[in-house]
Amino acid sequence: YRFLASLYLRPPSDSLLGMIREGSILPAFTPGSGEEDPGSHGATPLVHLQEFVTQARGLSDLEEELAAEHTALFVLPSGVIPHEAFYLDTGKRLGGRVTIAVEQFYRRAGISILGRCIEMPDHLGIELEFMAVLCRLEGDLEGAGEMAAVQRCLEFQRTFLEEHLSLWAPECCERVIALAQYGFYKAIARFTTEFLRSE
């Protein structure tokens, strides 16, 4: 969750750019051995990524290209608009009742992740980060033997997936795939959809 969150919130880091240049990013997307999932409606993340790793060798400034792509997709108002409200609010009002409901869910879980970012609570990257925090908390509680708290944490995860992420993230990811120029973000979007389905 944290890895995916970071990719929606900011352009790839220097270390990730290095992995793209070397092609060493490919094994991370190889669990299904690259075979197409009949329910995936298109190429797998690995196929998109393989194409992009090849394409990246011909790009003179990979960092600049992916930063521009990230801005076009996730920052500009003409892009994907990675906010739950855009997909679930009938008026597509950012900051309205859908956004407020997401923020209230974070509060009910007792988790504050908004203080260190400028994005709204219902941004895809923030929602994925919230799940990452819950997963880390689950691990900490399990390590401390607090099994009742672990169950409560799992319930928060399950409810958030059912009432929020799974209702809109797949459609958002389809927009990423349709609008992205490069295979990198197509791969990330396809991987996100498959990961959330598996969750």
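User: Is Glu129 buried or exposed, and what is its relative accessible area?
Analyst: This is a predicted model, in which local features need pLDDT of at least 70 and side-chain atom pairs count only at pLDDT 80 or more, while totals for chains, interfaces and linings use all residues. Residues are numbered from 1 along each chain as its sequence is written, and side-chain values use heavy atoms, with hydrogens and water left out. A residue is called buried under 20% relative accessible area, exposed over 50%, and partly exposed in between (1.4 Å probe, protein chains only). Glu129 counts as buried because its relative accessible area is 11%.

User: Which residue meets Glu129 in a salt bridge?
Analyst: A salt bridge is a side-chain nitrogen of Lys or Arg within 4 Å of a carboxyl oxygen of Asp or Glu. For Glu129, the N to O distance is 2.7 Å, and the partner is Arg2.

User: How many residues apart are Glu129 and Arg2, and which helices hold them?
Analyst: The salt bridge joins the side chains of Glu129 and Arg2. This pair links distant parts of the chain, 127 residues apart: Arg2 belongs to helix α1 (residues 2-9), and Glu129 to helix α7 (residues 124-143). Arg2 is partly exposed, at 36% relative accessibility, whereas Glu129 is buried. The separation is thus 127 residues, and the helices are α7 and α1.

User: How many helices and strands does the protein chain have?
Analyst: Helices (H or I, at least four residues) and strands (E, at least two) are DSSP runs, numbered from the N terminus. Along the sequence the pattern reads α-α-α-α-α-α-α-α-α. The count is nine helices and zero strands.

User: What radius of gyration does the protein chain have?
Analyst: The C-alpha trace spans about 50 × 40 × 35 Å along its principal axes. The radius of gyration is taken over C-alpha atoms, and the globule rule is 2.2 Å times the number of residues to the power 0.38. For 199 residues a compact globule would be near 16 Å, which agrees with the value of the protein chain, 17 Å.

User: What percentage of the residues in the protein chain is buried?
Analyst: The protein chain exposes about 9,900 Å², of which carbon and sulfur atoms supply 53%. These areas come from the Shrake-Rupley method with a 1.4 Å probe; for residues, only the protein chains shown count as cover. Of the 199 residues, the buried share is 47%.

User: How many salt bridges does a search of the whole structure find?
Analyst: One of them joins Glu155 and Arg158, with the closest N and O atoms 2.7 Å apart. Another is formed by Glu174 and Arg190, with a closest distance of 3.0 Å. The search of the whole structure finds five.

User: Which helix holds both Glu155 and Arg158?
Analyst: Glu155 is partly exposed at 41% relative accessibility, and Arg158 is partly exposed at 39%. The two residues are three residues apart, about one turn of the helix, and both lie in helix α8 (residues 147-179).

User: What is the relative accessible area of Arg190, the partner of Glu174?
Analyst: Glu174 and Arg190 form a salt bridge. The pair links distant parts of the chain, Glu174 in helix α8 and Arg190 in helix α9 (residues 183-198), 16 residues apart. Glu174 is partly exposed at 35% relative accessibility. Arg190 is buried, with a relative accessible area of 4%.

User: Which residues does His123 contact beyond four places in sequence?
Analyst: His123 lies in the loop between α6 and α7 and is buried, at 1% relative accessibility. Contact means heavy atoms within 4.5 Å. Leaving aside neighbours within four places in sequence, His123 touches Tyr8, Leu9, Phe74, Pro82, His83 and Trp168.

User: Which residues does Asp89 touch, not counting those up to four places away in sequence?
Analyst: Asp89 is found in the loop between α5 (84-88) and α6 (97-109). With a relative accessible area of 4%, Asp89 is buried. With residues up to four places away not counted, Asp89 touches Glu84, Arg97 and Val98.

User: What is the phi of Ile81, a residue other than glycine?
Analyst: Ile81 is placed in the loop between α4 (62-74) and α5. The residue Ile81 is buried, with a relative accessible area of 17%. Its phi is positive, near 60°.
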